[in-house]
Amino acid sequence: MNKISNYKIIFKYLFIPGLILTFAGLVPIVITQNQTVLYLTLVILGGIFLFIWLIYLLVTGRSFWQKRSTQTGTNAFIATVSLLAILALINFIAVRYSPRIDLTETQLYTLSLETQEIVKNLDQPTKVYLFDKEITPQDEDLLENYQRYNNNFQFEVIDPDIKVNLTQQFNVQSLGDVYLEYEDKKQLVQTLISFNQREPLSEIELTNAIARIQKDYIPKIYLLEGHGEYSLEPSPEGSLSEASKSLESKGYEINSLNIVENGGIPDDTDVIIIASPKRELFEQEVTVLKEYLDQGGSALLLLDPNIDPGLEPILKDWGIELDNRIIIDGSGSGSIVGLGPTTPFITNYGNHPITEEFANSISFYPLSRPVDTVEVENVEATSLLVTNDQMWAESDLESEEVIFDPQEDISGPFDLGVALTRTIVPEIVKDTTTESNIVEEESKDEINNTVNNQPDSNINETENNDNPEPKEEEQNSDSEDQQIESRLVVIGNSTFATNNLFNQQLNGDVFLNTVQWLSNQDEQILSIRPKEAKDRRLNLSPLQANIVTILSLGVFPLLGLVVAGITWWRRR
């Protein structure tokens with residue numbers, strides 16, 4: 001009897017080692033995500049002990065289930081399990097079909113319009129490989145955000161010590177390398193760990209990498225030099241090195257070009273940028289640039305006031321008239337950020353692919369000039385940067401007080417930047433058309449002579465069979481097919497694209513979108529570049545900091561105690 005009693009006691013409390021063994025196996029499996037033999041053995045043994053305990057209760061403990069405490073405990077257990085199951089289901093649905101609402105000021109957790117368009121247009125599988133031991137929640141959230149817009153986008157975290165073959169295949173150099181794979185092409189996106197410091201995965205880098213890896217060729221951009229223009233190398237006087245880096249990150253190749261030393265313009269040129277030359281170009285250089293544009297080339301002219309670069313022959317051909325007066329912003333908006341009236345803030349943009357996504361956002365141009373256009377055959381001009389009615393072009397900057405003079409100054413609104421396209425018919429087509437017209441005239445004369453010598457009954461038949469008009473229509477169609485298009489953008493300012501101002505507001509977007517349109521790469525949507533998180537700090541004076549400390553540690557807790565005491569006293 002004693003032995004039976006001992007067995008009953010063992011079976012009665014068998015659930016204790018069962019629970020211990022089960023949890024001892026489950027907890028490390030959940031934490032390490034690794035199902036070893038030891039962990040699985042513990043779970044199995046714990047499950048067996050719990051199963052034997054339940055059988056013991058069902059066979060020998062019928063009165064146990066009839067106890068009121070057992071029924072209450074069972075109801076509480078079932079209610080708790082049901083609640084957990086409901087919460088788990090809600091959580092699963094929220095994760096699987098989660099609507100995202102970004103309440104941050106700069107939409108920090110929302111992909112930019114450019115990123116959304118690029119990811120939505122992915123027509124081939126594109127995969128990101130992150131070679132690291134683990135991924136941070138911030139990086140994982142960013143990659144999942146990309147994945148929401150297109151199932152062709154995938155990502156995987158690779159441990160270089162485990163998947164050695166894949167690591168060697170990508171030629172991974174350091175822990176934290178992020179690679180992008182598209183079709184048979186592989187490209188390094190970013191290195192997250194450098195000098196033992198970890199940085200987050202950048203939307204800017206990843207989006208630019210996706211756009212760059214899809215390109216079949218590399219557009220060539222040349223920056224004119226030799227006349228005091230801004231250079232591609234960093235300089236205290238200002239340079240376009242930041243703009244150059246941004247273009248390279250988007251898949252462009254940018255180099256300097258001296259037309260005299262090079263003997264002309266390279267044949268692979270997509271865009272020429274002329275950024276504020278301080279001296280006149282040689283007449284021969286202007287001729288070479290003019291011929292380049294006449295053959296379907298594209299150029300960006302950034303021309304500051306009171307400087308004559310000698311480009312008048314080109315500007316005249318395109319209907320551009322520059323004004324040396326300086327734009328004054330009379331609204332006083334620049335004073336808010338510490339800038340004077342000679343820095344116009346532009347919020348009005350023309351209806352053009354370069355600026356169509358800018359809405360009423362800000363770009364600004366210190367010491368700029370108006371750009372006017374006149375009508376020229378085959379040239380279509382579109383306003384890009386438009387001043388408002390509180391701005392004017394000032395002719396007299398020597399006076400102490402700058403006031404609008406209706407006799408000498410130009411009142412706004414007027415253009416600060418314009419985009420132009422010109423349709424060109426090659427000379428071969430023109431010559432062919434001329435010769436064809438001569439042949440047609442001779443044919444008409446022959447037909448008329450023949451008609452005059454024929455009987456009247458055959459006149460209608462001759463006119464129907466020998467009508468030359470279809471020839472003319474066919475020739476006109478051939479001429480239209482052989483037309484080529486040149487593109488030109490003229491902006492009356494260059495400093496907006498220099499290093500100090502390039503990343504301010506929309507200045508960089510104006511420059512990058514302009515180059516993209518000029519290089520005929522506007523088949524993709526032109527939008528604002530992805531923005532990184534801004535560092536916003538609340539700077540408190542010592543007095544303000546003390547007030548916050550007193551309120552949080554003294555006043556508010558004391559008020560809570562007073563309210564609690566009043567409530568207790570009233571209920572007493």
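## Overview

The model is predicted. The protein has 572 residues, and 36% of them count as buried. Its fold contains 19 helices and 21 strands.

Consider contacts between residues at least 6 apart in sequence. Of these, 72% join residues at least 24 apart. The accessible surface comes to about 34,700 Å². Carbon and sulfur atoms account for 54% of that surface.

## A nonpolar patch on the surface

Nine names make up one nonpolar surface patch: Phe11, Leu40, Ile44, Leu45, Ile48, Phe51, Ile52, Ile55 and Leu58.

Which helix gives the most to the nonpolar patch? Helix α3, spanning residues 37-60, does, with eight residues. Isoleucine 48 is a residue of helix α3. Its relative accessibility is 40%, so isoleucine 48 counts as partly exposed.

## Aromatic pairs

A pair of aromatic rings is described by two values: the distance of the centres and the angle of the planes. The count here comes to twelve aromatic pairs. One of them joins tyrosine 349 and phenylalanine 358, with ring centres 5.4 Å apart. Their planes stand at 75°, so this pair is edge-to-face. Tyrosine 349 and phenylalanine 358 are both buried.

Tryptophan 568 and tryptophan 569 form a tilted aromatic pair. The centre-to-centre distance is 6.2 Å, and the planes make an angle of 55°. Are these two tryptophans buried or exposed? Tryptophan 568 is exposed, at 55% relative accessible area. Tryptophan 569 is exposed too, at 57%.

Lysine 278 lies over the face of tyrosine 230, at 4.9 Å from the ring centre.

## Salt bridges between strands

How many salt bridges does a search of the whole structure find? The search finds eleven. One of them pairs the side chains of glutamate 156 and lysine 127, at 2.8 Å from N to O. This pair links distant parts of the chain, 29 residues apart. Glutamate 156 belongs to strand β2 (residues 153-158), and lysine 127 to strand β1 (residues 126-131).

Glutamate 156 is partly exposed, because its relative accessibility is 23%. Lysine 127 is partly exposed as well, at 24%.

## A salt-bridge network

Lysine 290 and aspartate 317 meet through their side chains in a salt bridge of 2.9 Å, N to O. Lysine 290 sits in helix α12 (residues 283-294), and aspartate 317 in helix α13 (residues 312-318). The two are 27 residues apart. Lysine 290 is partly exposed, at 28% relative accessibility. Aspartate 317 is partly exposed, at 27%.

Another salt bridge joins aspartate 294 and arginine 422, whose closest N and O atoms are 2.5 Å apart. Aspartate 294 lies in helix α12 and arginine 422 in strand β20 (residues 415-424), so the pair ties together parts 128 residues apart in sequence. Aspartate 294 is partly exposed, at 28% relative accessibility. Arginine 422 counts as buried, because its relative accessibility is 10%. Shared partners join Lys290, Asp294, Asp317 and Arg422 into one network.

## Backbone points to check in the view

Most peptide bonds are trans, and most residues other than glycine have a negative phi. Where is the cis peptide bond? A cis bond joins glycine 412 and proline 413, with omega about 5°. Proline 413 is in the loop between β19 (410-411) and β20.

Glutamate 183 has a positive phi, near 55°. This residue is in the loop between β3 (177-182) and β4 (185-191). Glutamate 183 is partly exposed, at 48% relative accessibility. Alanine 359 also has a positive phi, near 50°. Its place is the loop between β14 (348-349) and β15 (363-364). At 59% relative accessibility, alanine 359 counts as exposed.

Terms used: Residues numbered from 1 in each chain as written. Predicted model: local features only at pLDDT ≥ 70, side-chain atom pairs only at ≥ 80, totals over all residues. Heavy atoms only, no water. Patch = residues over 30% accessible without salt bridge, like charges linked within 9 Å, V, L, I, M, F, W, Y side chains within 5 Å. Areas by Shrake-Rupley, 256 points an atom, 1.4 Å probe, with all protein chains shown as cover. Salt bridge = Lys/Arg side-chain N within 4 Å of Asp/Glu carboxyl O. Helix = DSSP H or I, 4+ residues; strand = E, 2+ residues; numbered from the N terminus. Buried < 20%, exposed > 50% of the residue type's maximum accessible area, 1.4 Å probe, protein only. Phe/Tyr/Trp six-rings, centres within 6.5 Å; stacked < 30°, edge-to-face > 60°. Lys NZ or Arg CZ within 6 Å of the ring centre and 35° of its normal. Contact = heavy atoms within 4.5 Å.
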